[in-house]
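Thanks for coming, everyone. Let me put the structure up, and then we'll walk through it piece by piece.

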Amino acid sequence: MISSAQALGLAAALGLALFAGRRNANAATPTPTPSEYITDPARIRRVQEQLTALGYPTGWDPGVVNTPTLASVNQFLQDLGQPAVGGITARVEALVARVFE
């Protein structure tokens with residue numbers, strides 16, 4: 001996994017705002033709709049491989065969003081100060097790819 005210092009640097013480089021303590025109650029956090037979740041097994045597999053290489057193990061079943069994959073996605077997002085999600089979205093895919101570079 002990435003360290004706190006790495007997360008801060010990555011968040012700044014990616015233009016993300018990190019949450020200090022609790023989130024601003026007035027800040028709107030868009031919740032992805034089911035249609036926004038990626039279902040293409042090849043794209044899911046790529047995100048899983050990248051997360052695993054970054055130290056976020058995604059478990060079994062390449063190409064399937066399983067419990068370990070979701071846990072790794074949300075830990076990755078938490079480390080960047082971002083809200084949890086219920087699956088892999090295009091935004092998550094892009095964040096993982098940027099950090100993986």
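How many salt bridges does the count come to? Two salt bridges. Keep in mind that this is a predicted model.

Start with arginine 43. Arginine 43 forms a salt bridge with glutamate 93, and the closest N and O atoms are 2.6 Å apart. Look at where the partners sit. Arginine 43 is in helix 2, residues 41-53, and glutamate 93 is in helix 4, residues 90-100. That is a link between distant parts of the chain, 50 residues apart.

Now arginine 46. Arginine 46 also forms a salt bridge with glutamate 93, with the closest N and O atoms 3.4 Å apart. Arginine 46 lies in helix 2 and glutamate 93 in helix 4, so this pair ties together parts that are 47 residues apart in sequence.

Glutamate 93 has a relative accessible area of 13%, and the limit for buried is under 20%, so glutamate 93 counts as buried.

What does glutamate 93 touch? Leaving out residues up to four places away in sequence, glutamate 93 touches Ile38, Arg43, Arg46 and Val47.

Which residues of helix 2 are buried? Ile44, Val47, Gln48, Gln50 and Leu51. An α-helix has 3.6 residues a turn, so residues three or four places apart point the same way.

What does the buried side meet? The buried residues of helix 2 pack against helix 3 and helix 4. The face turned away from that buried side carries the exposed residues Glu49 and Ala53. Just after helix 2, glycine 55 takes a positive phi of about 100°.

On into the loop between helix 2 and helix 3. Aspartate 61 is placed there. Aspartate 61 has a positive phi of about 55°, although it is not a glycine. Its relative accessible area is 38%, which makes aspartate 61 partly exposed.

Now the aromatics. How many aromatic pairs are there? The count comes to one aromatic pair. The rings belong to tyrosine 56 and phenylalanine 76; their centres are 5.6 Å apart and their planes are at 90°, so the pair is edge-to-face. Tyrosine 56 lies in the loop between helix 2 and helix 3, and phenylalanine 76 lies in helix 3, residues 67-79. So this pair ties together parts that are 20 residues apart in sequence. Tyrosine 56 is buried, with a relative accessible area of 1%. Phenylalanine 76 is buried as well, at 0%.

That takes us to the core. How many residues does the largest nonpolar core have? It has 16 residues. Those with the most contacts inside it are Leu51, Val73, Phe76, Leu77, Ile88, Val92 and Val96. Helix 2, helix 3 and helix 4 are the elements that give two or more residues to this core. Which helix gives the most? Helix 4, with four residues.

Take leucine 77 from that list. Not counting residues up to four places away in sequence, leucine 77 touches Gln82, Pro83, Val85, Arg91, Val92 and Leu95.

Last stop, leucine 95. Leucine 95 is placed in helix 4. Is leucine 95 buried or exposed? Buried, with a relative accessible area of 8%. Leucine 95 and leucine 80 are 15 residues apart in sequence, and 9.6 Å apart in space, C-alpha to C-alpha.

Definitions and conventions
Residues numbered from 1 in each chain as written. Predicted model: local features only at pLDDT ≥ 70, side-chain atom pairs only at ≥ 80, totals over all residues. Heavy atoms only, no water. Salt bridge = Lys/Arg side-chain N within 4 Å of Asp/Glu carboxyl O. Buried < 20%, exposed > 50% of the residue type's maximum accessible area, 1.4 Å probe, protein only. Contact = heavy atoms within 4.5 Å. Phe/Tyr/Trp six-rings, centres within 6.5 Å; stacked < 30°, edge-to-face > 60°. Core = buried A, V, L, I, M, F, W, Y, C linked by side-chain atoms within 4.5 Å.
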